[in-house]
Amino acid sequence: MSLFKFHGGVHPPEHKLKSTAAPIRSVTMPLRLVLPLRQHVGNVAKLMVAVGDHVLKGQLLAAPDGMISAAVHAPTSGTIAAIEERLIPHASGLPDLCITLNADGEDRWGDHQPLDYQAQEKSAVLDALRLAGVVGLGGATFPSHVKLRADDAHPVLTLIINGAECEPYITCDDLLMRERALEIVRGIEIMQYLLGAKHAIIGIEDNKPEAAAAMRLACSQNSISITVATVPTLYPGGGAKQLIKVLTGLEVPSGKLPTTIGVQCFNVATAYTVHRFIDHGEPVISRVVTVTGRVAQPGNYEVPLGMEIFDLVQAAGGTADDSNGLVMGGPMMGFNLPSGHVPVVKGTNCIIASAPALFAPQPPAMPCIRCARCAEVCPVNLQPQELYWFARADNFEKARSYDLFDCIECGCCSYVCPSRIPLVQYYRYAKSEILASDKARQAANVARERNELRLARIAREKEERAAKHAERAVGARAEAGGDAKQAAIAAAMARAEAQKAEIVPQNVTDLSPLVATEIKAIDARRGKVDDRD
Amino acid sequence: MMTALLVMIGLALLLGIVLGYSALKFKVEGDPLVDKIDAILPQTQCGQCGFPGCKPYATAIAHGEADINQCPPGGEPGMRALADLLGVEPKPLNAECGTPKPKSVAVIVENLCIGCTLCIQACPVDAILGAAKQMHTVIASECTGCELCLPPCPVDCISMVPIPEKVDNWKWRYPVIEIKSLAV
Ligand code: SF4
Ligand code: SF4
Ligand code: SF4
Ligand code: SF4
């Protein structure tokens, strides 16, 4: 098939060989698992268990809340030890609500059955996938059931499966394709059926010949036709929009979803989890993680979600002496972990034990010389030097109008910048400031509305009161005349009398016997006092 | 001569009717400039600007009766946005009106509340729930942090609590890197 080119891109050193020497290894089930409720994009999952509950492997611990949300399950059987805020693998280094599960060592599965997906309504299958916690495992963790919902307005013709894995160091998709190609193909078949897509294309970078060969073999054994395309190795060729461009020649318009051009894109590991759920009834409770960098046994490990990253690194032989930290994700788009004592989550594709020898400390930045090299390599065709300028000066509206939100934070621009400006950090800063001010604006709109409603209410009440006064005045005047004044006074007194009779003290009904006796006693005392005078 | 006069009178009447009709039909509600200014103001409705709310302040700015630097919750960015909109020079915030502080919400210590309803009457956005002689409580998501409920409370049981930084409202910081000067 003919391939296309996306704009820009860079060739960072790959460092992939170290972790592809050994097959995927399993780890011993840890004694304690920590499962954050926020493991995906969208609403935080809703807690379904309490401390002390005994749960089985695969049991639902937290249910999806709303459409864009996904479930969290127990990776092994055991007891819920705590539900509390704990440090999570997040760039903020802040704690978030997590379930702590103490394993009982039996690893006993709960009830789970394969799903006959063709015998059911597609929407029921998608709901099941939502409950199974299937999210994009390429790192973005967007709930997959949302992307798999066929939309009549934008039918998906081409299903693209992303096996490009362009980021240096990471090899978990590579190994998954080498070893579990048949299962991945089966997952693709199910996804293609759900979307009603005409073709499916798997895009694999040409630095992974074994994976491509394994996928070709698996596709030839399957009845549906899936094209396996090897694409040139060029970072960030694994970005969804970049891969779509390379494989189909189509550009996803700015700010739009790929479905607007009839394409949908999933990661290979996501296809694998779809197969595990549909054909075996297993929700997402583990994933393959690359552990590499300065560790004794770099490689890929099948890790239960919730395992502490420190323990995982120990399982990989521990870190070398010169290691000075852990990076989650790759060197281009990943971030430094706040600590090793955070759990593996659905978005953990790679852990790199970093060292000064691997990642040199950021040299001091120099002023931008407007060389425009960043613009040459930007895969989204942005003007990074302009964005930098606006972000630096807090000129957010301007940055937004230069399509800041199309930036995929790939880091190509920072990589080539001769002035060593940490450009992506500026874009992240500007993006989060803009999102926060948008939120504040929405809150302000609500406040304005509530304030206006309140003012309207006060005005209405005032009017009503004025109307009532006027009415009374008219009534009084009508009655006045002759000896009507007397009558009016009498009437007013009668009204007051009647009102008095109507008022029933609120606090003497429904009394407890204790209070009732107390009141009786007080009344009796009062009676005595009255008698005295 | 007569026909020309009649034609002109006829035209004048016709156009008058058209104009009169369109003035009614396409009537612009309110003052567009006031709304534009109001859209920039943070809607905290705190009155620190010296007006009983954001809309009155917006009206005063539009009529040239107030300066653009009197809104502490809007802070520096808000003042800049106003300067941009009105085409005037930005100026430092007027410290007499107060200083910007981190956004907070009011919290009622519920077992101290005597249920006097005074705070409800003070809240500009009806974010306090309660009834006479009942414990009152603040709907945190609606509270604008205006602090107007604090002074009326006879038992001082309302306090302002800054909104803590959580994973979902956390923001990336401005990159701190030394910029090497070229002149070295
Ligand atoms: S690559 Fe760096 S120095 Fe060159 S224009 Fe871009 S930001 Fe400026
Ligand atoms: S980080 Fe953003 S601006 Fe820089 S090259 Fe990547 S997409 Fe372009
Ligand atoms: S000071 Fe308070 S009332 Fe005045 S404009 Fe600002 S937020 Fe609104
Ligand atoms: S003003 Fe204070 S005591 Fe009165 S209802 Fe409000 S919180 Fe309760």
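By class, the shell around ligand 1 comprises 8 nonpolar, 2 polar and 1 charged residues (Ala, Val, Leu, Ile, Met, Phe, Trp, Tyr, Cys and Pro count as nonpolar, Asp, Glu, Lys and Arg as charged, and the others, Gly among them, as polar). This is a predicted model, in which local features need pLDDT of at least 70, side-chain atom pairs count only at pLDDT 80 or more, and totals for chains, interfaces and linings use all residues. Side-chain values use heavy atoms, with hydrogens and water left out; residues are numbered from 1 along each chain as its sequence is written, while chains are lettered from A and ligands numbered from 1 in the order in which they are written.

Among the residues around ligand 1 are A:Cys368, A:Cys371, A:Cys374 and A:Cys417, together with A:Arg370 and A:Gln385 (a residue is near a molecule if one of its heavy atoms lies within 4 Å of it). Around ligand 3 there are 14 residues, of which B:Cys46, B:Gly47, B:Cys49, B:Cys54 and B:Cys71 come nearest. This shell has 9 nonpolar, 5 polar and no charged residues.

Turning to open space, the second largest pocket holds about 1400 Å³. Of its 39 lining residues, A:Pro331, A:Phe359, A:Ala360, A:Gln362 and A:Gln425 are the closest to its centre. (On a 1 Å grid over the protein atoms alone, a pocket is an open set of points where a 1.4 Å probe fits, with protein on both sides within 12 Å along at least five of seven lines; lining residues have an atom within 4 Å of a point.) The lining of this pocket divides into 26 nonpolar, 9 polar and 4 charged residues.

Technical notes
Points joined across faces, edges and corners; volume = space filled by probe spheres on them.
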